[in-house]
Amino acid sequence: MPGTHDPPRVNPEACTGCGLCREACPSFVFDLREGKAQVVRGDWCIGCGHCSALCPTGAVFQRETYTDISAPEGPTVTPEALKLLLRQRRSVRLYRPEPVPSHLLEHILDGARYTPTGTNSQNVRYLVVTSAEILNELRRRTESFYRRLFRMAGTWWGGLLISLASGSRMRDFLRGYLPMVRHAETSGNDSLDPILHHAPALILAHAEAWDPCSAFNCAAALYSASLLAHSLGLGCCFNGFVEGAVNHSRGIRQWLGIPRDHRCYGAMTVGFPAVTYRKLVERRPAAVRWW
């Protein structure tokens, strides 16, 4: 955020006055004076690193974003390969029982941190759950939370309250999902787990509720993580049930240690897929309105 980053520095001897740093800076940190770039609003810097990444002579230096790794010229993946990745990634709900090695989870989150965030706040915080005991307890608490909601949704007054609080679509969703949950509870099939799908790992992303960019920041980071997980042979599934329970149950939020001023903006199960998806599937055409 502005005012929390070390301002960049300019080596006037190396600066050619091309002005790229001034043109690309989203915070108007630079001006050109006497044919050289100068930092004139350093306290406005958001630490994005555009200036040092663009400078053709290396005249602009920012300590916290510095790297000596040169960026490759042009995209590193073809449009066709990227589109295939987007189509191949699926929501996996059937997992093998073995745990996910910690180094793979660390690799996934290390890649996700390069996902853009509003004002470069980098405010996404993760909670990674791999303990079977904690996952079972989270499943139990989440199921208990939704049982209460399902009971409310089944009455006219409860449906009205849910509609007023969350909208009629949430009420209809709960009523539509209730038969599936009841089936899982009464079928006698212990393998059914409509909440976590017996996943060996769960990643929650949370951030400050007051920041209007937090929802995008967390959702985008988790999606980046899901693509990287797919490339490592893992499967993922975004989990709105856990996200909703965390945000609407003070007990669950406190138990998980989510700060009071934070909100969970995404949850995702992770594990090795127990099945192989052999075909690509179609989706509706993009709903686009050209102006």
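Some ground rules come first. Because the model is predicted, local features need pLDDT of at least 70 and side-chain atom pairs count only at pLDDT 80 or more, while totals for chains, interfaces and linings use all residues. Residues are numbered from 1 along each chain as its sequence is written, and side-chain values use heavy atoms, with hydrogens and water left out.

Side chains of opposite charge can pair when their charged atoms come close. Here, a salt bridge is a side-chain nitrogen of Lys or Arg within 4 Å of a carboxyl oxygen of Asp or Glu. Searching the whole structure turns up seven of them. One of these joins Arg41 to Asp31, with the closest N and O atoms 3.5 Å apart. The two partners sit in distant parts of the chain, ten residues apart: Asp31 is in strand E2 (residues 30-33), and Arg41 is in the loop between strand E3 (36-39) and helix H2 (50-54). Those labels come from DSSP runs, numbered from the N terminus, where helices (H or I) have at least four residues and strands (E) at least two. As for solvent, buried means under 20% relative accessible area, exposed means over 50%, and partly exposed is in between (1.4 Å probe, protein chains only). Arg41 has 25% relative accessibility, so this residue counts as partly exposed.

Another salt bridge pairs Glu282 with Arg87, and here the closest N and O atoms are 3.2 Å apart. Glu282 lies in the segment after strand E8 (262-271) and Arg87 in helix H3 (residues 79-88), so this pair ties together parts that are 195 residues apart in sequence. Glu282 counts as exposed because its relative accessibility is 62%, whereas Arg87, at 32%, is partly exposed.

Arg141 and Glu137 meet through their side chains in a salt bridge of 2.8 Å, N to O. Both belong to helix H5 (residues 132-153) and are four residues apart, about one turn of the helix. Each is partly exposed, Arg141 at 25% relative accessibility and Glu137 at 21%. Arg140 joins in too: with Glu137 and Arg141, Arg140 is linked in a network of salt bridges.

What about the cysteines? If a disulfide is a pair of cysteine sulfur atoms within 2.5 Å, the count comes to zero. For Cys18, the nearest cysteine sulfur is that of Cys55, 6.0 Å away. Cys18 is partly exposed, with a relative accessible area of 40%. Cys25 is in no disulfide either, and the nearest cysteine sulfur, that of Cys48, is 6.2 Å away. Cys25 is buried at 14% relative accessible area.

Leu104, Leu105, Ile108, Leu109 and Ala112 are buried in H4. These residues cover an arc of only 130 degrees around the axis (taken from the directions from the helix axis to the C-beta atoms), which puts them on the same side of H4.

His197 is buried, with a relative accessible area of 16%. Leaving aside residues up to four places away in sequence, His197 touches Arg93 and Tyr95, where contact means heavy atoms within 4.5 Å.
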